[in-house]
Structures are given as structure tokens and as C-alpha cells.
Amino acid sequence: MEVVIVPDAKAGGELIAEAMAQLLRRKPDALLGVATGSTPLPIYEALASKVRSGAVDASQARIAQLDEYVGLPTEHPESYRSVLRREVLEPLGIPMSSFMGPDGTAEDIPGACAAYDVALAEAGGVDLQLLGIGTDGHIGFNEPCSSLASRTRIKTLTEQTRVDNARFFEGDISQVPHHVITQGIGTILEARHLVLLATGEGKADAVAATVEGAVAAVCPASALQLHPHATVVVDEGAASKLKFADYFRHTFVNKPDWQGI
């Protein structure tokens, strides 16, 4: 696992966006796994800026969804499909026909979960998967004690998560769904490159457990230690609990210029 410490969220977004741009130059139809929430916004903004300037063409890229609410109509403005259309596809000039995600409105939810895993495999697998991390170490909606071999499945949201997400639903927790579909940890680990961005001191304990702690279900993100190409990008706040922070800084500064992240 490579750990890159950056000054702030904007710098992290620029760094990751450049890695995505390099991937798209090599493979214009790359399958990009994307996440929702505020953390990845600097990445999407930086990549969209590159598209507008002509530095990269993302129009042939394909987009894969990490998770989705269950029972929320796809056209609902807060369905993750709608959010990603606004924040990723439209700014990057990618048509909805190049988007794939689990069907949170399906009558057979377990069947929809299994179908999504099959669809990802048939699409050739995810080339680069973006991830955020929760203060408890969750990735996607894989809460602590999730199986490290789990596949795409339905999960029940904790009450705290529903409280946190109520801000997207006019502050009304009753509008927040109780369930989501999420890629499992085993599914996530099949992507060729995992890139996790974490910012702020509130994520420091989770980052330390992920990077320097034991691989354990109690910290789902620690499974990234098992991946052959995982990159963790953190700002100074999120890096504040890392014992090997100086080593991580040294190795990044002395990397060959051609290596990237």
C-alpha cells in the first residue's frame, strides 16, 4: 500500500485526477469506479477542469457505481445514480449509456446484487476504484465486521448514518432509506487500482488503522493491505496519527517521475 500525504483536499484531488487522466490517455474506455459524498468532489472537479481544457478526453470512459439506496426511485435527486450524473457524468461529458450500477428498485434485490457483480466482471473489471473512508473505517457501506470476502449485497444503514444523510433529504430522517446496495469488500478488491482519499483530523484514527493496523473486519478498509495496487491519499489532518508519516513522505518524494501513483 502506498501512502501519499498532501497539503489539503484540493492537492489530493489534483493528484488523483491526474492519475485518472493518465489512465484515460492509455485506455480511453477505462471503467472508473466512483463514490459519492463530499470527499471525492475535489477529484471530480479537477478531472472536469482537465476535460474542459482539453488535457484529457473522458467521453469514452465507463462509470461504475459503488453503492445505491434501496427503494429510492432512480430519478430521485438524491439517488446516487442522480448524484453521479450531476457530479461526474455530465461534467466529464460521459453519456448515461456508459454508466452501470445496481438496481435499487428491483423486486429481487439479492438477484440485482448478484447481477451487478456479474456485470462488472463481464465489463472487464474496474480499472480504478475511488474510495472514501468513514470514521469507523468503513468503505462503501461495508460497516465494521463486514466480511472481507463479501460480495455486492444489501446492507442496513445504522441510525447514525441515516441521521448524517438526512441533510440531503431536507433534514427529514424519515425520507432516508433504511437499506442500501453496496459492492462488497471482495468485489472492491477485484479492481485493478484502488485509490482512497481521506481528509481531516476526524479520519485520522481510521486511516492509521487502515494503513498501520492489523487486517481485520473491525476496520473494513484495512483489507486494502491485501491489494497489489492500493493508494491512500491523505491530507495532513488525516495523516496526523500515522507513525510512519515521515517514511511515507520520503518514499513519495523519491519516487521515479514515471511511476505515478
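C145 is exposed, with a relative accessible area of 61%, where buried means under 20% relative accessible area, exposed over 50% and partly exposed in between (1.4 Å probe, protein chains only). The model is predicted, so that local features need pLDDT of at least 70 and side-chain atom pairs count only at pLDDT 80 or more, while totals for chains, interfaces and linings use all residues. Residues are numbered from 1 along each chain as its sequence is written, and side-chain values use heavy atoms, with hydrogens and water left out.

C145 sits in the loop between β6 and β7; helices (H or I, at least four residues) and strands (E, at least two) are DSSP runs, numbered from the N terminus. The phi of C145 is near 80°, a positive value in a residue other than glycine. The closest cysteine sulfur to that of C145 belongs to C219 and is 11 Å away, too far for a bond. With a disulfide defined as a pair of cysteine sulfur atoms within 2.5 Å, the count is 0 disulfides. Another cysteine, C113, counts as buried because its relative accessibility is 3%.

A positive phi in a non-glycine residue also occurs at E170, with a value of about 60°. E170 belongs to the loop between α5 and β8 (179-182) and is exposed, its relative accessible area being 73%.

The strands include an open sheet of 7 with the order β1-β10-β9-β6-β2-β3-β5 and parallel pairing; two strands pair if DSSP finds at least two bridges between them. Its edge strands, β1 (2-6) and β5, each pair on one side only. Although β1 is an edge strand, 5 of its 5 residues are buried. E2, V4 and V6 point one way from the strand, V3 and I5 point the other way, and all are buried.

Elsewhere in the sheet, β6 runs parallel to strand β9 (residues 193-198), to which it is joined by 4 bridges. L131 stands opposite L196 in β9. Strand β6 also contains Q129, which is buried at a relative accessible area of 1%. Leaving out residues up to four places away in sequence, Q129 touches G33, V34, L66, Q183, A191, H193, L194 and V195, contact meaning heavy atoms within 4.5 Å.

Strand β2 is covered on both faces: L31 and G33 on one side, and L32 and V34 on the other, are all buried. The pairing of β2 with β3 is parallel and comprises 4 bridges. Within it, V34 has Q65 in β3 as its bridge partner.

Helix α3 (residues 80-92) has 13 residues and, at 1.5 Å a residue, should span 18 Å; its end C-alpha atoms are 17 Å apart, which agrees. The expected span is 1.5 Å times one less than the number of residues in the helix. A kink of about 40° is centred on R86, the bend at a residue being the angle between axes fitted to the seven residues ending there and the seven starting there. Just after the helix, G93 takes a positive phi of about 75°.

The buried residues of α3 are Y80, S82, V83, L84, V88, L89 and L92. The elements covering them include β2 (31-34), α2 (41-53), β3 (62-65), β4 (67-69), β5 (99-100) and α5 (159-165).

A search of the whole structure finds 4 aromatic pairs. Rings of Phe, Tyr and Trp (its six-membered ring) pair if their centres lie within 6.5 Å; planes under 30 degrees apart count as stacked, over 60 as edge-to-face and the rest as tilted. The ring centres of Y80 and F141 are 6.4 Å apart and the planes meet at 15°, so this pair is stacked. The pair links distant parts of the chain, with Y80 in helix α3 and F141 in the loop between β6 (128-131) and β7 (153-156), 61 residues apart. Both Y80 and F141 are buried. Together with Y69 and F169, these two residues form one aromatic cluster.
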